[in-house]
Amino acid sequence: MPRRLHLNVGVNSTGYHGNSWLAPDAAWDRWVSFEHYVAVAELARGAGFDAVFLSDHPALQRAPGNRPLHTLDPIVLCTALAARVPDIGLVITASSSYNSPYNLARRLASLDHISGGRVIWNVVSSFNPDIAANFGAAPLPGRAERYRRADEFVAVVRELWRSWDHDAGTAPAALGDPLWTSSNARTIDHHGAFFDVRGPLNVPLGPQGYPLIAQAGASDAGIDLAGKHADLLYAALLGKDAARSYRDRVQARAVAHGRAPESIRLLPGLVPIVAPTRAEALRRHEELNGHATEDSFLHAFADRHGIPFDPDAVLIPELFLADDDQQSPVGFTRSLHDLVASEQLTLRDIARRVEGGHRLVLGTPAEVAEQILDWWRDGVVDGYTVQPPTLPHDLKTFVRDVIPLLREAGALADGYPESTVRARFGLPEVVARQRH
């Protein structure tokens, strides 16, 4: 089968950009409208996207300028979407810090059955103290502890998913024979540092075995977790060399954990701004950020990142140093450092390479398509998680103007020939636990 370009699309709230809720051509409060999410998912399905992606943050971010971003619960929303929109995959973010393995394993496995094998679990270890305050009086654990918990959490969930492998389509041999036995429905008897879980899960293996696991990790602990567990990787990668290095590091950790390195698909974040001319795309980028001129836009970018304002001076990597103990995602800071370290860039350059922490591709449809294909053709990435600045406007533009060019290049599959996301991403079939 020819190698294909995989595309997921972020469908959170009103769009990826912080000012997206102000878009004049859509209702400001569409973030609580189910029909808004249905329309976006249908648009993505019509274009052949592999999956819709919903991040999550179970706390209201009340700082001035924040839009309502993570309001509707992703599992509830995706369950409703699965009933309305066929075929397309569902990337559901759920925290390993503030869930219990059995309940989450059961909910995700249930939806995987209901949707016909379309569920992808995006594992996060929550980093905001505001989230911790919503789940008890204990303070937010340190990053190292959160990743140890995440590792054990994922391992337990996967064992639960594999604990009942009965073929639901096969009836017992004779009336009165048991539907399950100690051979096909097994306790997992897990006793670890964070969890004690007996099992088995009361949901059997589903259409794709069990859901895929997605993860975004940039710290050393995050990369190790990804190499050990992830099927799909969502990362902040701004330069091709940095992306290649990141992929190599993750694959090395996969090998260290006894996994095949080619069993992980890399789909970093991508923010497209598409316009008839590059000049118009630049102006739209400035307007999205609330600026009428490039000079004002560049001043704000410099202030936001704490760097000197000198638009045409070559930047040094030391201006962008990440701290593994910082509260904000390490990946966003590290990706800027790696980009500046690998290329001779000025403030004017770098401000047009990143938006909201992810890679910005900006220009005409042909320019955007070529930037997308470049990394993929070189084998650096397997695809992208497209984050339209505003929804539905920028997704409509991308689907209308860029998707046909990607099809002409032979990069995209036609329709949905595979019924499950596991098959669609070309990932290994699930092997049940060894029976005893």
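## A walk through the helix packing

Let's start with helix 1, where the buried residues (buried means under 20% relative accessible area with a 1.4 Å probe, protein chains only) are His36, Tyr37, Val38, Val40, Ala41, Ala44 and Ala47. Bear in mind that this is a predicted model, in which local features need pLDDT of at least 70 and side-chain atom pairs count only at pLDDT 80 or more, while totals for chains, interfaces and linings use all residues. Residues are numbered from 1 along each chain as its sequence is written, and side-chain values use heavy atoms, with hydrogens and water left out.

Helix 1 covers residues 34-47, 14 residues in all. Helices here are DSSP runs of H or I with at least four residues, strands are runs of E with at least two, and both are numbered from the N terminus. From first C-alpha to last, helix 1 reaches 20 Å, close to the 20 Å expected at 1.5 Å a residue (the expected span being 1.5 Å times one less than the number of residues).

Helix 1 and helix 13 pack at about 15 degrees, their axes 10 Å apart; axes are lines fitted to C-alpha atoms, for helices over the stretch in contact, and angles run from 0 to 180 degrees between N-to-C directions. Helix 1 and helix 13 are therefore roughly parallel, since angles under 35 degrees get that label, over 145 counts as roughly antiparallel, 65 to 115 as roughly perpendicular and the rest as oblique. Their crossing is left-handed, a term for a near helix turned anticlockwise from the far one by less than a right angle, with clockwise being right-handed. Val40, Leu43 and Ala47 of helix 1 meet Leu395, Lys396 and Val399 of helix 13. By class, that contact has five nonpolar residues, no polar ones and one charged; Ala, Val, Leu, Ile, Met, Phe, Trp, Tyr, Cys and Pro count as nonpolar, Asp, Glu, Lys and Arg as charged, and the others, Gly among them, as polar.

Helix 2 has a pairing of its own to look at, with helix 3 (residues 101-115). Here the angle is about 10 degrees and the axes are 10 Å apart, so helix 2 and helix 3 are roughly parallel to each other. This crossing is left-handed. Ile75, Cys78, Thr79 and Ala82 in helix 2 touch Leu104, Arg107, Leu108, Leu111 and Ser115 in helix 3, which makes six nonpolar, two polar and one charged residues.

Now hop over to glycine 217, in the loop between strand 7 (212-215) and helix 6 (220-229). Glycine 217 is buried at a relative accessible area of 3%. Leaving aside residues up to four places away in sequence, glycine 217 touches Gly222, Ile223 and Tyr246.

Gly222 and Ile223 are also among the buried residues of helix 6. The cover over that buried set includes helix 5 (143-161), strand 7, strand 8 (232-233) and helix 7 (240-256). With helix 7, the axes come within 7 Å and cross at roughly 60 degrees, so helix 6 and helix 7 are oblique to each other. Their crossing is right-handed.

How values were computed
Buried means under 20% relative accessible area, exposed over 50%, partly exposed in between (1.4 Å probe, protein chains only). Contact means heavy atoms within 4.5 Å.
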